[in-house]
Amino acid sequence: MIFAGICAGGKGTRLNPDGYSRIPKQFLPLESKPVIVYSVESFLHCEEIEKIFVAVSEDFFEHCVGLFSNPRIKVIKGGKTRAETVAILANTCGECGGTDEDILATHDAARPFVSTEVIRRSIKAAREYGVSGTAIAATDTVLRCQNGFVEDAPVRSEMFLAQTPQSFKLGLFDRIWSGLSEKEKEEATDVCGMFFRAGLRVRIVQGEKECFKITFGDDMERAEALVKKIIKGESL
């Protein structure tokens with residue numbers, strides 16, 4: 001079976017550092033519907049995905065439940081951290097009949113423009129390699145700096161910007177997660193990084209520039225412009 005897990009527990013403090021809105025960015029409106037609905041609908045369009053779990057904070061659980069009526073979607077309560085939320089999603093898949101070889105594709109709720117093509121690439125790679133991440137090539141030189149000075153200038157052609165989905169086999173995740181200390185679980189921020197540090201090879205699939213994460217105010221403006229193009233039937 002193939003499951004999808006939408007991580008939607010963030011508070012969006014970088015988008016609204018001064019308390020401009022108490023509503024997390026994933027619930028802000030983009031034209032006629034919230035950001036999170038666009039993200040979930042992309043996974044609904046993949047018929048091979050049997051169940052989509054949307055993990056949210058307790059504060060917005062009831063609000064999120066009211067957004068979805070499709071029986072393939074189930075809203076659940078997430079964890080205190082991103083990694084804990086992914087663990088809850090993986091456990092929920094197991095409770096719904098998922099086995100070690102089944103796939104969970106996790107995705108940021110604040111990336112509303114993920115395409116079904118990218119989702120399918122991620123799932124296919126996870127089936128073959130066990131775990132896959134999504135990324136696009138860096139177009140600018142990336143500098144590693146410390147205390148205001150350049151420490152390293154990695155080769156740009158080897159630098160990629162991570163996106164989601166991040167997909168994996170449930171059995172692999174369970175093995176790695178159960179082997180982490182509580183401190184390591186608290187510090188884990190990225191699923192692919194967690195697999196990589198555990199010694200597994202992570203297959204990267206090609207993402208798309210439109211699958212950006214809404215983080216700051218100008219990202220929201222960019223998202224609004226893209227939605228208007230979609231409504232008009234224009235290509236992205």
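Predicted model: local features only at pLDDT ≥ 70, side-chain atom pairs only at ≥ 80, totals over all residues.

Modeller: Residues are numbered from 1 along each chain as its sequence is written, and side-chain values use heavy atoms, with hydrogens and water left out.

The structure holds 10 salt bridges, a salt bridge being a side-chain nitrogen of Lys or Arg within 4 Å of a carboxyl oxygen of Asp or Glu. One of them joins Arg82 to Asp108, at 2.4 Å from N to O. Arg82 belongs to helix H3 (residues 82-95) and Asp108 to strand S6 (residues 103-108), so this contact ties together parts that are 26 residues apart in sequence. Helices (H or I, at least four residues) and strands (E, at least two) are DSSP runs, numbered from the N terminus. Asp108 is buried, with a relative accessible area of 6%, whereas Arg82 counts as partly exposed because its relative accessibility is 26%. Here buried means under 20% relative accessible area, exposed over 50%, and partly exposed in between (1.4 Å probe, protein chains only).

A second bridge is formed by Glu48 and Arg120, with 2.8 Å from N to O. This pair links distant parts of the chain, 72 residues apart: Glu48 sits in the loop between helix H1 (35-44) and strand S4 (51-56), and Arg120 in helix H4 (residues 116-129). Glu48 is partly exposed at 32% relative accessibility, and Arg120 is likewise partly exposed at 32%. Both residues are also in a network of salt bridges with Glu47.

Glu41 and Lys33 make another side-chain bridge, at 2.8 Å from N to O. Glu41 is partly exposed at 27% relative accessibility, and Lys33 is partly exposed at 24%.

Next, the patch. Glu31, Asp218, Glu221 and Glu224 gather on the surface in a patch of negative charge. Patches are made of residues with over 30% relative accessible area and no salt bridge; like charges are joined within 9 Å, and nonpolar side chains (Val, Leu, Ile, Met, Phe, Trp, Tyr) within 5 Å. Lys and Arg count as positive, Asp and Glu as negative, with His and the chain ends not counted.

Technical notes: Areas by Shrake-Rupley, 256 points an atom, 1.4 Å probe, with all protein chains shown as cover. Charge placed at Lys NZ, Arg CZ, Asp CG, Glu CD.
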